[in-house]
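Please read this briefing alongside the sequence and the 3D view. It is written for someone new to the structure.

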Amino acid sequence: MTVQEVADSLGVHYMTAYRYVRQGRLPATRLGTEWRIHPSDVAALRATARRGTARTGADREALERQMLIGDSAGAWWLMQSHLGGGLDPSGVLTEMVVPALRSIGERWASGEVSVAGEHRATAVAQRVIGHLGMQFGRRGKDRGTIALAAPSGDLHVLPVAIVADLLRWRGFDVVELGGNAPADALGDAVAQEGRLLAVGIVSTVSGLDHQVALSASSVRDAVPGVPLFIGGGAVRSEAQARALGADLWTGPGSNAAVEAVEGIAGSTEGRTQRSVA
C-alpha cells in the first residue's frame, strides 16, 4: 500500500500516515521516492489509532470554540497538549488547525459565524501557526529552496504559511512572500535564489486569474525552466491552472502542494545521484 492508500484506509490525513512511517510506528519499505506498507501492519496500527481519535475530535471542537472567541492562550495550550501526546507539528497543523479553520469558514459562509468571529479565529490561527513554525524546525541537510506567494489582491496569508511550514518540516528552505505579492516582486525574489527547486502560487480569492497569470509570467521570465505549481481554492481544475501558466495543479489543500515538491525534489535528487555515480 502507498502512504495515501494507508491514509484512506485509516481515515486520517496523508501527513498523519506519513508521520507514522517516519516515526517508525508503521513499518515501511522505500521504493524510489515512495513508501510501501504491508496491509497487515496497517491493520495492527488501526487497532491502536482508534484510542486517540475521540480525544483529537473533541479537542478540535474545543480549538474551534477558542479560536472564535479569540482565546490564543487556550488554543496554544491545546496545541502543546497534543505535541506532548504523540502529534508532531505537522500533525497538529493538519489534524487540528486546518480542520478548525475549514469548519469556521464553512460556518461563516452559511451565516452561522459572524464576520467578527471569523476575524478573531483568523488572528488566533496566525498566532498559533507562527508559534509552531518558530519553535519547530527540521535539522539536517537543506533539500533546496521553494518560493511561495499569494497573488496581488489575495490578502490571505494563512494558506501560504501552512504550506511553507509543512515544507520546512520536510527539510526545504522556503522563501515565503505571504499574501498580496505583486507579480514583479515575486519575479525579483525568485531570481535571487541560487538553489530554487520550484515556485508555488496559492490563490484563494476568485476573480484574480489575471493576477495569477501575471505572477506566473513573471516567474517564467525570471527563472526559466523552474517548475511552477498553482493551487488554492480559487483554482478549481488542472485545465485552469495550466491556462494560468502552471506546470502542476495542486488543488485546494496543502497536501498536494507538499507532494508536488517532494516529487520535484525526488527527481532532482535522483539526477544528482546518477551524475555522481
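This is a predicted model: local features need pLDDT of at least 70, side-chain atom pairs count only at pLDDT 80 or more; totals for chains, interfaces and linings use all residues.

Residues are numbered from 1 along each chain as its sequence is written, and side-chain values use heavy atoms, with hydrogens and water left out.

**Overall make-up**
- The protein chain holds eleven helices and seven strands; helices (H or I, at least four residues) and strands (E, at least two) are DSSP runs, numbered from the N terminus.
- Of its 277 residues, 47% count as buried, where buried means under 20% relative accessible area, exposed over 50% and partly exposed in between (1.4 Å probe, protein chains only).
- The accessible surface of the protein chain is about 13,300 Å², and carbon and sulfur atoms account for 53% of that; areas come from the Shrake-Rupley method with a 1.4 Å probe, and for residues only the protein chains shown count as cover.
- Among contacts (heavy atoms within 4.5 Å) between residues at least 6 apart in sequence, 69% join residues at least 24 apart.

**The sheet**
- Five strands form an open sheet in the order β4-β3-β5-β6-β7, with parallel pairing; two strands pair if DSSP finds at least two bridges between them.
- β4 (173-176) and β7 (248-249) are at the edges and have a single partner strand each, so one side of each lacks a neighbour in the sheet.
- β6 (residues 228-231) pairs with β7 in the parallel sense over two bridges, and Ile230 stands opposite Trp249 in β7.

**Nonpolar cores**
- A nonpolar core is a set of buried Ala, Val, Leu, Ile, Met, Phe, Trp, Tyr and Cys residues joined through side-chain atoms within 4.5 Å.
- The largest one has 62 residues, of which Leu63, Met67, Ile129, Ile146, Leu148 and Leu167 touch the most other members.
- A second, separate core of 20 residues includes Ile201, Ala216, Val219 and Ala241.
- Leaving aside neighbours within four places in sequence, the contacts of Ile146 include Leu167, Phe172, Val174, Leu196, Phe229 and Val261.

**Single residues**
- Arg170 lies over the face of Tyr18, at 4.0 Å from the ring centre; a charge sits over a ring if NZ of Lys or CZ of Arg is within 6 Å of the ring centre and within 35 degrees of the ring normal.
- Thr2 is in the segment before α1 (3-10) and counts as buried because its relative accessibility is 17%.
- Not counting residues up to four places away in sequence, Thr2 touches Glu34, Trp35, Arg36 and Ile37.
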